[in-house]
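Visitor: I am new to this structure, and I would like to understand the words used to describe it. Could you show it to me and take me through them?

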Amino acid sequence: MFSLGGNGISDVAFYANKEPYYRIMYGNAAMVDGKGRISLNYQSRDRSKPRQILYSLIPNMLANTPNHIDVEPLPGVDFIGSSIALWGSPDSTALMDVIQCVVLSEGLPYPTVNGRWIKDPAAYSPDLLTQGNQYDSVIAYTKRLGFPAIHAYDRGFLRPDRANGGYLDGKDLAKKPFRFSSGNKSHREFADMAKAEGIMLGRVCITNSLAPGTKDASPVPSDSLCYQQRRILAESISPEDTVLMVDDPTYLDEIASWEGHCKSLNMVKIGKELIHYSGVSDMPPYRLLNVKRGYWGTKAEAHQANDTICKLQVTVEYGYEGLIPNMALQDEIAGYYGEVAARSGLTLYDFDGQEFLFNNGHGYYSAKRFFRKMFERAGELGVPYIRFSGATLSEGSWHYQSIWNVGGGRNLYDIDTREWGSTTSQGKDLRDVTYSNYYPVSFGGNFAIKDTSTVEQYEHVEAIAIGYGATYFLIVDQKDVESCRQKESIFQAIRTWEDARRANAFPREIRKLLRNPAYDWTLEAMEDGNHWILHRLEAGKVCESFNLSRTIVRCPGSYN
């Protein structure tokens with residue numbers, strides 16, 4: 001076992017070992033030691049007690065030095081009610097016949113879409129990802145492909161801002177960010193157009209990162225922010241003072257956050273003012289160094305001796321800049337996404353920065369609680385299902401998360417060389433993680449339809465996707481799509497494969513064959529919509545065929 005590759009910042013450089021015998025570790029629930037002995041590790045924690053931890057999201061890298069955080073106690077969140085289900089099963093029956101029964105019998109989260117559990121491989125599906133900011137044909141494309149959702153990626157980051165109450169374009173829908181030739185549309189208007197065709201609309205967001213200029217960050221920061229340390233102001237200061245004396249310098253020299261440690265985000269909060277600093281004196285009287293008052297547009301104010309100084313927990317730069325909320329405020333942010341779903345029509349979220357849910361020190365529990373609160377609030381407002389992807393995968397999100405379309409391009413799957421990552425090992429590594437955890441594998445955002453695209457390329461993509469149980473965001477720019485001569489054939493081929501996937505028509509032995517990247521395939525649909533013929537090709541000619549049929553999924557039973 002050894003550390004990840006890369007510099008600890010680039011999430012592509014982590015994946016540096018292409019050989020199949022290198023397996024990335026995404027957790028320690030199951031371990032194999034040097035003698036081949038397997039150990040299982042389940043845990044529960046009493047979160048009602050205060051504790052301090054020393055942690056880095058990506059350890060053993062210079063760019064991600066561990067730092068200290070006083071973890072917020074959560075009253076009533078303890079061992080009571082915890083339980084462990086020990087189970088064993090062949091892979092062929094584990095998910096649908098065993099794990100599904102455990103989930104149902106124990107009353108665990110069980111989101112469904114179109115009557116299917118989101119973990120059912122027959123419910124896996126690609127989605128459409130937009131580029132070019134032109135939407136006239138996007139709904140029509142998505143419907144013809146048979147995809148469930150449109151990811152309006154070209155609209156950039158959606159930053160949570162409770163000031164708008166979930167109305168992204170105002171209650172009067174005054175903003176019209178989606179460009180149509182017939183007149184631009186608001187989120188609500190576009191979402192309603194898509195919903196009429198059974199299609200969801202979504203955006204990429206920065207999860208719980210409270211960005212500057214939003215209600216809870218600045219110019220008036222919330223009092224419900226997550227802090228790493230609390231100290232006492234040793235001497236009173238005026239609005240102009242840049243000498244801040246502190247009672248105790250311990251850990252104040254650490255650059256905030258658990259990844260990247262971006263110096264621009266190193267700040268404290270006193271009252272309603274954010275103050276940036278870098279460093280602390282090493283001799284008494286202790287003071288913060290390189291102080292900038294009124295940071296992020298907050299108002300520099302006078303503060304009295306013995307006022308509380310909160311060193312804030314933060315995110316990273318690169319467009320993700322933000323403050324981390326405490327658990328109570330994070331619950332409100334989760335509910336906010338439910339309100340956006342109900343009031344602005346977004347029912348697909350791509351939670352970039354999903355790892356920020358761990359920054360409060362409560363790990364997977366924090367993620368699980370966030371998504372539970374989001375689903376609960378959405379349900380209260382009449383939204384039964386939210387489809388979401390994100391930047392990471394954890395036990396906390398496993399129950400709720402439909403897809404994991406992280407990254408993309410040749411890092412995930414190279415359509416030309418037919419490799420799981422031709423530039424890095426990211427595709428192979430994430431494939432192994434997801435497949436090993438009964439979760440949709442992903443090609444990320446990929447396979448843009450261009451003027452040179454061919455139907456044979458997308459037959460291959462679909463064969464590999466169904467063989468491994470993969471999803472992806474199909475990149476679509478309306479101008480590029482219309483330049484593709486094989487557009488109609490590509491749409492029809494993808495639709496045929498996805499219809500058969502939804503019909504659970506691919507038995508296990510066929511899925512194993514589909515994983516071979518050297519094979520070429522084409523799928524032929526019968527008129528009744530319940531049968532297909534799968535042809536394997538050699539030099540463009542059929543060499544063998546397989547009859548496929550719709551499979552009726554039986555209801556799960558119970559376990560002992």
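Guide: Let us begin with Ser397, which counts as buried because its relative accessibility is 1%, and buried means under 20% relative accessible area, with exposed over 50% and partly exposed in between (1.4 Å probe, protein chains only). This is a predicted model, in which local features need pLDDT of at least 70 and side-chain atom pairs count only at pLDDT 80 or more, while totals for chains, interfaces and linings use all residues. Residues are numbered from 1 along each chain as its sequence is written, and side-chain values use heavy atoms, leaving out hydrogens and water.

Visitor: Where does Ser397 lie, and what does Ser397 touch?

Guide: Ser397 lies in helix α6, residues 395-398, where helices (H or I, at least four residues) and strands (E, at least two) are DSSP runs numbered from the N terminus. Not counting residues up to four places away in sequence, Ser397 touches Gln354, Ala367, Phe371 and Thr392, a contact being heavy atoms within 4.5 Å.

Visitor: Why is Tyr227 called partly exposed?

Guide: Tyr227 has a relative accessible area of 24%, and is therefore called partly exposed. Tyr227 is found in strand β11, residues 227-232, and, leaving aside neighbours within four places in sequence, Tyr227 is in contact with Ile69, Asp70, Cys310, Lys311, Leu312 and Gln313.

Visitor: What makes α4 and α5 oblique to each other?

Guide: Helix α4 (residues 327-344) and helix α5 (residues 363-380) pack at an angle of about 40°, with their axes 7 Å apart. Angles under 35 degrees count as roughly parallel, over 145 as roughly antiparallel, 65 to 115 as roughly perpendicular and the rest as oblique, and α4 and α5 are therefore oblique to each other. By class, their contact has 8 nonpolar, 4 polar and 6 charged residues, where Ala, Val, Leu, Ile, Met, Phe, Trp, Tyr, Cys and Pro count as nonpolar, Asp, Glu, Lys and Arg as charged, and the others, Gly among them, as polar.

Visitor: Why is α2 called oblique to α10?

Guide: The axes of α2 and helix α10 (residues 487-502) come within 8 Å and cross at roughly 50°. That angle makes α2 oblique to α10. The contact is made by Tyr141, Lys143, Arg144 and Leu145 of α2 and Lys487, Glu488, Phe491, Ile494 and Arg495 of α10.

Notes: Axes are lines fitted to C-alpha atoms, for helices over the stretch in contact, and angles run from 0 to 180 degrees between N-to-C directions.
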